[in-house]
Amino acid sequence: MMDIRVSGCRGFGFVELAINSRMFSCSGLMELPESSVHIFMKNYKKLNVWTNSIKLCNQVYELAKKLPASEKYGLYSQITRSVVSIPSNIAEGCAKSSTKDFNRFLEIALGSAFELETQLIIIRQNMMNNEKLITATEKTLIIQKQLSALLSHNKTNTLTPQKPNTQAP
């Protein structure tokens, strides 16, 4: 007898599947026709937090172009590296085979989001204060909340393998 359990969170596009106490976790769900078996596959591109962080990358690169030339190797380099780190770590985490590893990369992405927020605050206080900078900071806060919520969800809803039922029916 096969024991199959599925848990997930629609808003995040993340699904966990346990078959006979062996756990599989992934993001994005692809279904075959009803006559077939459901296949679960990882697809970081379907995560809202990844999509939002890609959009943030574009915004931050536009802002970085407006920084003084003297910051080319300072804040320009730091904000572009930290913003790129966010979707990159989400994507890399999706390639991992366990929820624990996935969460580790989400935590790195979250750290990069906090690093970016700090750098944007420094820019706002010392160099420029415009609407695009405020918008980028607000989007960074949204991404932080999304990453925190996904981490919290993963930690509280992780399927725990159970011992197979060895008793005869």
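Below are legends for a handful of close-up views of this predicted model.

Before you start, note that residues are numbered from 1 along each chain as its sequence is written, and that side-chain values use heavy atoms, with hydrogens and water left out. Since this is a predicted model, local features need pLDDT of at least 70 and side-chain atom pairs count only at pLDDT 80 or more, while totals for chains, interfaces and linings use all residues.

**View 1. Helix α1 runs alongside helix α4.** Helix α1 covers residues 48–65; helices here are DSSP runs of H or I with at least four residues, numbered from the N terminus. The axes of α1 and α4 come within 10 Å and cross at roughly 155 degrees. Those axes are lines fitted to C-alpha atoms over the stretch in contact, and the angles run from 0 to 180 degrees between N-to-C directions. That's why the pair counts as roughly antiparallel, a label for angles over 145 degrees. The crossing of α1 past α4 is left-handed, meaning the near helix is turned anticlockwise from the far one by less than a right angle. Among the residues making the contact are Val-49, Ser-53 and Leu-63 of α1, and Leu-133, Ala-136 and Leu-147 of α4; contact means heavy atoms within 4.5 Å.

View 2. Leave aside its neighbours within four places in sequence, and Asn-52 is in contact with Ile-143 and Gln-146. Buried means under 20% relative accessible area, exposed over 50%, and partly exposed in between, using a 1.4 Å probe and protein chains only. Now look for Pro-87: it is 35 residues from Asn-52 along the chain, yet their C-alpha atoms are separated by 8.7 Å.

**View 3. Helix α1 also packs against α2.** The axes of α1 and α2 are 9 Å apart, at an angle of about 165 degrees, so these two helices are roughly antiparallel as well. Here, too, α1 makes a left-handed crossing. Contacts include Trp-50, Cys-57 and Tyr-61 on the α1 side, and Tyr-76, Thr-80 and Ala-91 on the α2 side. Asn-58 is another residue of α1, and it is exposed, at 52% relative accessible area. Val-83 is 25 residues from Asn-58 in sequence and 9.2 Å away, C-alpha to C-alpha.

**View 4. Tyr-44 and Trp-50 make an aromatic pair.** The count of aromatic pairs comes to 1. Rings of Phe, Tyr and Trp (its six-membered ring) pair if their centres lie within 6.5 Å. Tyr-44 and Trp-50 are 5.1 Å centre to centre with 70 degrees between the planes, which is edge-to-face, the label for planes over 60 degrees apart. Tyr-44 is partly exposed at 28%, whereas Trp-50 is buried at 15%.

**View 5. The largest nonpolar core has 31 residues.** A nonpolar core is a set of buried Ala, Val, Leu, Ile, Met, Phe, Trp, Tyr and Cys residues joined through side-chain atoms within 4.5 Å. Ile-86, Ile-90, Leu-116 and Leu-147 have the most contacts inside the core. Helices α1, α2 (75–94), α3 (99–126) and α4 (131–156) each give two or more residues to it, and the largest share, 8 residues, comes from α3. Not counting residues up to four places away in sequence, Leu-116 touches several residues, including Leu-56, Ile-79 and Thr-140.

View 6. Beyond four places in sequence, Gln-144 touches Leu-110, Ala-113, Phe-114 and Glu-117.

Methods: Phe/Tyr/Trp six-rings, centres within 6.5 Å; stacked < 30°, edge-to-face > 60°. Parallel < 35°, antiparallel > 145°, perpendicular 65-115°, else oblique.
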